[in-house]
Amino acid sequence: MDDSYFMAIALALAENGCGFTSPNPMVGCVVVKDGLVVGKGWHEKAGQPHAEVNAINDAGENANEATLYVTLEPCNHTGRTPPCTEKILSAGIKRVVIAMEDPNPDVKGGGIARLKEAGLSISSGILKDKALKLNESFVKYVLTKKPFVTLKCAATLDGQIATRSGDSKWVTGPESRNHVHELRHMADAILVGIQTVITDNPSLTTRREGLKGKNPARIILDSRLSIPEDAKVLQPDTESGTIIFSGILAEIDASLLEKKAQLEKNGARVIETPLNNDLIDFNIVLDRLGGLGITSLLIEGGGRVISSALSAGIVDKIVMFYAPKFLGGNDGVPVCRGIGPEKMDDCIQMENITLKRFGDDVMIEGYVKKR
């Protein structure tokens, strides 16, 4: 069994932290001695011990003279927890195999350098691509201080997300909807436009069958602060907060300042930003969310929000669910609302595509090709 075999185990362990470790990365670790796994661990939650500590503790005395496989370069600095490099050295580990270096430019390479200085054998880059994909949100955030943006949408085969009356329950089947709750669990925040709130009155919470789920922060784009005060997203029934982005209220209608004060008194947060063509500027939204420590954002619509996000060039990944249905007319709600390009050459293109079935639905997942 080679290094890739044991690193694959570490990567699978890392996935156990999905949804719970932000703003930290997901990290898995195994301790191997004489060809056998003698210790396993993963980073379970931000502020709790790192994967290396949990794996070494699990291995106990067997960690001495063993090889440690970890999906991310061990830290060499003191944050909310002590340096993992010192734990590795004190355990008597003789070799460390790493999937990817820490992308944070402030600490990159420090852990590897410390271990090499102490005489340990180091191998890096084992299953690097899989490790990068696992922590794509963390990587983008530490490099740009902006959240990784995933756009999710469910549509009929003729490209519509609701009927002419606005009815969208349900475009897709239960299997697809269950996966959407997994996407919500993975995200720090979920974003919709005010029309979705008014039409559907969603809770925007996570419901995972038989599993604990994390509720993302709820982000509402509402340029004129028209949100109903009894909207479900304003009910303080989860640990997640609600942030409303509006225009500059004093310029729109000074009486809205009183509504803002009442909303904030009830627990919501209203962030006023300058409008761009009467729309909230997505680049400002990302800057503000990044400043709040939000590393990943899931955009769920509706059509005008989807179009604006794509036009702004802020989307990193697209997850499209297609149901085997036709509305059979052109009077429904399209996936995108707004003005598109004149030529096909100017389309937004996706790459690194994967397909998956959920019941009778088909999910297409891919990354926006950067021009």
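Lys152 sits in strand S6 (helices, H or I, of at least four residues and strands, E, of at least two are DSSP runs, numbered from the N terminus). This is a predicted model, in which local features need pLDDT of at least 70 and side-chain atom pairs count only at pLDDT 80 or more, while totals for chains, interfaces and linings use all residues. Residues are numbered from 1 along each chain as its sequence is written, and side-chain values use heavy atoms, with hydrogens and water left out.

With a relative accessibility of 11%, Lys152 counts as buried (buried means under 20% relative accessible area, exposed over 50% and partly exposed in between, with a 1.4 Å probe and protein chains only). Setting aside neighbours within four places in sequence, Lys152 is in contact with Val180, Leu183, Leu298, Ile299, Glu300, Val319 and Phe321 (contact means heavy atoms within 4.5 Å).

## Salt bridges across the chain

Side chains of opposite charge can pair when their charged atoms come close. Here a salt bridge is a side-chain nitrogen of Lys or Arg within 4 Å of a carboxyl oxygen of Asp or Glu, and by this rule the count comes to 13 salt bridges. In one of them, Glu136 pairs with Lys317, the closest N and O atoms being 2.7 Å apart. Glu136 belongs to helix H6 (residues 136–144) and Lys317 to strand S15 (residues 317–323), so this pair ties together parts that are 181 residues apart in sequence. Both Glu136 and Lys317 are buried. Lys152 returns in another salt bridge, with Glu300, at 3.8 Å from N to O. Because Lys152 lies in strand S6 (residues 148–156) and Glu300 in strand S14 (residues 296–301), the pair ties together parts that are 148 residues apart in sequence. Glu300 is buried, as is Lys152.

Asp331 and Arg164 also meet through their side chains in a salt bridge, at 3.4 Å from N to O. This pair links distant parts of the chain, 167 residues apart: Asp331 is in the loop between S15 and strand S16 (333–334), and Arg164 is in the loop between strand S7 (160–162) and helix H7 (174–186). Asp331 is partly exposed, at 43% relative accessible area, whereas Arg164 is exposed, at 68% relative accessibility. If you like to follow networks, Lys133, Glu136, Lys317 and Glu365 are linked in one made of salt bridges.

Two packed helices are described by the angle between their axes and the distance between the axes. Helix H2 (residues 51–59) and H3 pack at an angle of about 20 degrees, with axes 9 Å apart (axes are lines fitted to C-alpha atoms, for helices over the stretch in contact, and angles run from 0 to 180 degrees between N-to-C directions). H2 and H3 are therefore roughly parallel to each other (angles under 35 degrees count as roughly parallel, over 145 as roughly antiparallel, 65 to 115 as roughly perpendicular and the rest as oblique). Their crossing, H2 with H3, is left-handed (left-handed if the near helix is turned anticlockwise from the far one by less than a right angle, right-handed if clockwise). Glu52, Val53, Ile56 and Asn57 of H2 make the contact with Cys84, Lys87, Ile88 and Ala91 of H3. By class, these residues divide into five nonpolar, one polar and two charged (Ala, Val, Leu, Ile, Met, Phe, Trp, Tyr, Cys and Pro count as nonpolar, Asp, Glu, Lys and Arg as charged, and the others, Gly among them, as polar).

Helix H3 (residues 84–91) also packs with helix H4 (residues 110–117), at an angle of about 25 degrees and with axes 10 Å apart. That angle makes H3 roughly parallel to H4. The crossing of H3 and H4 is right-handed. Here Thr85, Glu86, Ile88 and Leu89 in H3 meet Gly111, Arg114 and Leu115 in H4, a contact with three nonpolar, two polar and two charged residues.

## Backbone details worth a look

A cis peptide bond runs from Ser22 to Pro23, with omega near 10 degrees; Pro23 is in the loop between helix H1 (3–14) and strand S1 (28–33). Lys169 and Trp170 are also joined by a cis peptide bond, with omega about -5 degrees, and Trp170 is in the loop between S7 and H7.

Asn277 has a positive phi of about 55 degrees although it is not a glycine. Asn277 lies in the loop between strand S12 (275–276) and strand S13 (279–280) and is exposed, at 72% relative accessible area. Asn352, not a glycine either, has a positive phi of about 55 degrees; Asn352 is in strand S17 and exposed, at 56%.
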